[in-house]
Each structure stands twice: as C-alpha cells, then as structure tokens.
Amino acid sequence: MYLTIQGIVLRVTDYNDKDALLTMLTRRHGRLTVKARGLRRKNSPLIAPCQLLSYGEFTLFEYRGQYTINEAQSIELFTPLRRDLTKLSLGTYFAQVSEVLSQEDMPNPELLSMTLNSIYALCHLGKPQQQVKAVFELRAMCLAGYEPMADACALCGAPEPENPMLDVVHGVVHCGKCREKGGLSLPLTAAGLAALRYILYGDAKRLYSFALPQPGLRALDHASDAYVTAQLERSFRTLDYYKSILPQEETKYE
C-alpha cells in the first residue's frame with residue numbers, strides 16, 4: 001500500500017552502509033519512522049528532502065506496519081538555517097523536543113505547525129534566538145498538556161505578582177515573597193511575565209509579535225528551558241550543545 005504524506009525530518013539515523021532511518025513528524029499520522037533506501041549513496045535523489053529539518057512530501061510504501069520511502073520532494077529546506085551553526089543547533093533542539101512530545105500514528109498538526117513556524121522564525125523573522133526558543137518551548141509544552149498557570153500569583157492570588165517568579169516544578173507563577181516547598185523558582189521581570197502570558201494565551205499566528213528588553217528576555221529564556229526540563233524530567237543533549245557554542249555573555253541570566 002502506498003501513502004503520501006507531508007512531514008518534517010526530526011532525526012536521521014544510519015541503518016547500514018547505504019540506507020538510513022528517518023524519524024518524521026507528519027500532519028495526519030503523527031510521528032513516523034521510515035526507511036530511506038540508498039540515502040547514504042553519494043548521488044541519491046533523496047539527499048535533499050531527507051536531510052535533518054527538511055520539510056517535504058513523501059510517498060511511502062507500507063508493508064506490515066513498516067514504511068519505506070518510494071519518492072520524496074522538498075517543500076522547504078530552510079537553507080538560511082544551514083549557514084548558521086547556532087541556529088542549526090537550536091533548530092535541532094526543536095526537533096528533539098518535538099520527537100519527545102509526539103507519538104506514533106497519533107495526529108498532532110498543532111505541534112507540526114509550531115515546529116515549522118519556529119524554524120521559519122529562526123530563518124526569516126530576524127527575532128532574537130532567545131525569543132524564538134522561549135516561544136517554542138512554552139507553546140509546545142502547552143500543546144502537550146503542561147501549560148503553566150500564569151494569570152495570577154498561585155499562592156496569594158495577586159493578579160500582578162510582585163517580583164514575579166516561575167516555579168518550574170509546580171508550573172505556577174508567584175510573587176517573589178510567596179514560596180511553596182519543593183519547588184524550583186526562577187525570576188521573571190514584569191515585562192517577562194507579560195511576554196509569558198502573551199505566549200501562553202495569545203493568537204497562535206502572532207506569537208512572535210512582541211519585543212522584550214534583554215534582561216527580561218534572558219530571564220524568560222532561562223525559565224522556559226528549565227520548565228521543559230523539569231516537566232519532562234529529562235535533559236536534552238541538543239540544548240546542551242546549543243548553549244555550549246553561544247557567546248559566554250548570552251548564557252548569563254543575572
């Protein structure tokens with residue numbers, strides 16, 4: 001049986017000297033693992049559409065639950081991403097998070113759109129990488145059912161928390177003076193809290209339409225990846241690598 005899908009390549013794994021396995025996120029079938037025969041050959045026609053972070057249309061042959069690529073065409077290669085190592089590494093982190101949050105044969109068009117839009121933003125919108133990263137992380141977590149409560153202080157109920165902080169373990173915002181045992185709270189600025197609320201509750205088509213001063217952006221960036229790590233109870237080697245190649249001043253949040 002043949003199946004035509006559109007999807008983004010999240011991971012490429014060598015299978016043998018000639019073939020590779022692709023992990024893909026598709027609109028109608030969720031996460032799929034497919035074999036790309038001959039992909040590792042020098043002149044393979046599959047090289048462009050089957051490279052990491054490529055979005056394309058694929059015709060698959062399905063036999064007993066196993067998928068093999070019969071034909072593939074590129075829709076978007078995100079070429080600017082491949083000319084910048086930090087952007088490429090950040091996009092690879094997005095792919096790893098999307099792989100963790102997606103499931104086999106379970107449609108997740110919202111996550112696919114979020115991943116594609118975030119990679120597009122890295123390539124073309126000229127927004128700070130910290131902003132794109134925070135938007136992706138927080139919105140992706142919302143789609144996966146891990147939305148933090150940010151409309152008021154979770155402990156005293158103040159609608160505008162004083163010295164706001166995000167408890168990445170309990171998934172709540174609270175005032176700096178309000179503490180809950182067993183949590184891990186990271187500081188936000190007032191502007192950072194406003195940006196957090198915009199990301200969580202705003203129009204999905206306008207998620208990048210805000211500006212945030214650098215102190216607030218750094219704090220939000222720090223809190224967002226800590227939130228992903230705490231909620232999913234795992235680390236991401238792609239994120240570690242991305243941080244390792246950033247200029248040292250960009251990794252400071254104080």
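**Strand pairing, cores and cysteines in a predicted model**

In strand 7, His 174 is the bridge partner of Met 165. The model described here is predicted. Strand 6 (residues 165-167) and strand 7 run antiparallel and are joined by 3 bridges.

The largest nonpolar core holds 55 residues. Ile 8, Tyr 93, Phe 94, Leu 196 and Leu 220 touch the most other members. Several elements give two or more residues to this core: strand 1 (2-14), helix 1, helix 2, helix 3 (129-143), helix 4 (190-201), helix 5 (214-232) and helix 6 (237-245). Neighbours within four places in sequence aside, Ile 8 is in contact with residues including Thr 23, Met 24 and Leu 25. Leu 53, Ser 54 and Tyr 55 are also among the contacts of Ile 8. Another core, of 17 residues, lies apart from the largest one. Among its residues are Ala 20, Ala 36, Phe 58 and Ile 69.

Ser 102 is found in the loop between helix 1 (85-101) and helix 2 (109-124). Ser 102 counts as buried because its relative accessibility is 4%, under the 20% cut-off. The side chain of Ser 102 reaches the backbone oxygen of Glu 99 at 3.2 Å. Residues up to four places away in sequence not counted, Ser 102 touches Leu 25, Arg 31 and Leu 111.

The cysteines were examined next. The disulfide count comes to 0. For Cys 123, the closest cysteine sulfur is that of Cys 50. The two sulfurs are 19 Å apart, too far for a bond, since a disulfide needs sulfur atoms within 2.5 Å. Cys 142 is likewise in no disulfide. Its nearest cysteine sulfur, that of Cys 153, is 19 Å away. Cys 123 is buried, with a relative accessible area of 13%. Cys 142 also counts as buried, at 16% relative accessibility.

Conventions:
Residues are numbered from 1 along each chain as its sequence is written. This is a predicted model: local features need pLDDT of at least 70, side-chain atom pairs count only at pLDDT 80 or more; totals for chains, interfaces and linings use all residues. Side-chain values use heavy atoms; hydrogens and water are left out. Helices (H or I, at least four residues) and strands (E, at least two) are DSSP runs, numbered from the N terminus. Buried means under 20% relative accessible area, exposed over 50%, partly exposed in between (1.4 Å probe, protein chains only). A polar contact is a pair of N or O atoms within 3.5 Å; within protein, one must be able to donate a hydrogen and the other to accept it, and residues adjacent in sequence count only if both atoms are side-chain atoms. Contact means heavy atoms within 4.5 Å. A nonpolar core is a set of buried Ala, Val, Leu, Ile, Met, Phe, Trp, Tyr and Cys residues joined through side-chain atoms within 4.5 Å. Two strands pair if DSSP finds at least two bridges between them.
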